[in-house]
Amino acid sequence: MEEDDILDGQGSSEGPQQRPQSLMLTFFGNHVLDEGDLCVYSGSIIDVLGRVGVGEQAVRSTLTRMVNRGLLRRQREGRKMFFGLTPQATRVLEDGRVRIWQQGAVNDDWDGSWTLLGFSLPDSWKRQRHDLRSRLTWSGFGALFSGLWIAPGKVDVAAVVAELGLADHVKIFHAQADDATDIAQMIHGAWDLESIAARYVTFDKRWTAQLDAGAGDDPIGTRLRLVSEWLWTIRTDPRLPARHLPPDWPARPAQETFRRVAEHTERPARLMARDLLETTQLR
């Protein structure tokens, strides 16, 4: 299973149309990930996701599908059904948490190194090729050539390759570019900078208005949309070295907007979740 299946929404540079599964995992990342072995009542989940436009039937079918995919576990308490995270979902959410809250969208401290990954798969392995490319994109890689991908910095991608069962078909190197290589030109060829930039511009415009409104009457729904849309925005951004990007690169102002709205909504959303969510300990 690849991260884009789990975390990405559908849409274009005009903005995301979030999948219920993406919103669901964002909900668990916001309110369960840091709480230990906690399960949430399905009725509470229906309430919160309803605030961002996901209907009850869609929530219920998404919960069932995510249990079947090994992303959620369910636990019955009397006549109520509760849902908690599996180790697989925890890994995905912890990875997303690093991307969102720790790394940031702007790479000012690049050390000049690159990770190169070459692969050769049989023509019939279409699914394996799709899975590998999806995971590489999430890990910050761009296609230098059809079977040679590159990412800034030293990326530990061996575990991803092993998880996909492709270790015998992949070679990984860490290197630096020769002086003859035009890095800025290479970046423009390996990544769709216009599309990445458009996501940041759209996010910034959408959420700047929210700064004037504060947390509003529904901070838990606002924060769910905020984090989910930010994750959609950064998903295809490999955090390219800032010094090789255009001087007006929009990631920086968009990130500042995200962090300011996040700061305004964090405490109100947490207090609202305490009153709204019915939870129990995972057995």
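This is a predicted model: local features need pLDDT of at least 70, side-chain atom pairs count only at pLDDT 80 or more; totals for chains, interfaces and linings use all residues.
User: How many bridges join strand β6 (residues 113-119) to strand β8 (residues 148-152)?

Analyst: Start with the rule: two strands pair if DSSP finds at least two bridges between them. Here five bridges join β6 to β8, and these strands run antiparallel. Residues are numbered from 1 along each chain as its sequence is written, and side-chain values use heavy atoms, with hydrogens and water left out.

User: What is the strand order of the open sheet that holds β6?

Analyst: The order is β7-β8-β6-β9, four strands with antiparallel pairing. β7 (142-145) and β9 (170-176) each have a single partner strand, so they are the edges, with one side left without a neighbour in the sheet. Ignoring direction, neighbouring strands of this sheet are turned by 30 degrees against each other on average.

User: Which strands does helix α6 lie across?

Analyst: Contact means heavy atoms within 4.5 Å. Angles run from 0 to 180 degrees between N-to-C directions, and axes are lines fitted to C-alpha atoms, for helices over the stretch in contact. Helix α6 (residues 126-138) lies across β6, β8 and β9, at about 175 degrees to β6. Helix α8 (residues 183-190) lies across β6, β7 and β8, at about 110 degrees to β7.

User: What is the order of the other open sheet, with β4 in it?

Analyst: Read β4-β5-β3-β10, again four strands paired antiparallel. β4 (72-77) and β10 (279-281) are at the edges; each has a single partner strand, so one side of each lacks a neighbour in the sheet. The twist averages 35 degrees from one strand to the next. β4 and strand β5 (residues 80-85) pair over six bridges in the antiparallel sense. Arg74 stands opposite Phe83 in β5. Helix α2 packs on this sheet, touching β3 (38-41), β4 and β5, with its direction at about 80 degrees to that of β5. Helix α3 also packs on the sheet, touching β3 and β5 at about 70 degrees to the direction of β3.

User: How many residues lie between β4 and β5 in their hairpin?

Analyst: Two residues separate the strands, and Gly78 in the turn has a positive phi of about 65 degrees. Arg73 has Gly84 in β5 as its bridge partner.

User: Which residue other than glycine has a positive phi?

Analyst: The general idea: most residues other than glycine have a negative phi. Arg239 has a phi near 60 degrees. Find Arg239 in the loop between α10 and α11. Its relative accessible area is 16%, so Arg239 is buried (under 20%; exposed is over 50%, partly exposed in between, with a 1.4 Å probe and protein chains only).

User: At what angle do α2 and α3 pack?

Analyst: Helix α2 (residues 20-31) meets helix α3 (residues 42-50) at about 115 degrees, with axes 11 Å apart. So α2 is roughly perpendicular to α3 (65 to 115 degrees; under 35 is roughly parallel, over 145 roughly antiparallel, the rest oblique). From α2 come Pro20, Leu23, Met24, Phe27 and Phe28; they meet Ile45, Val48 and Leu49 in α3. By class that is eight nonpolar, no polar and no charged residues. Nonpolar means Ala, Val, Leu, Ile, Met, Phe, Trp, Tyr, Cys and Pro; Asp, Glu, Lys and Arg are charged; the others, Gly among them, are polar.

User: What covers the buried residues of α3?

Analyst: The buried residues are Ser42, Ser44, Ile45, Ile46, Val48 and Leu49. Their cover includes α2, β3, α4 (56-68), β5, α10 (219-234) and α11 (251-276).

User: Which residues of α2 meet α4?

Analyst: Pro20, Gln21, Met24 and Leu25 meet Val59, Thr62, Leu63, Arg65 and Met66 in α4. The contact divides into six nonpolar, two polar and one charged. The two helices pack at about 75 degrees, with axes 10 Å apart. They are therefore roughly perpendicular to each other.

User: Is Leu25 buried or exposed?

Analyst: Leu25 counts as buried, at 0% relative accessibility. The C-alpha atoms of Leu25 and Ser228 are separated by 8.9 Å, though these residues are 203 residues apart along the chain.
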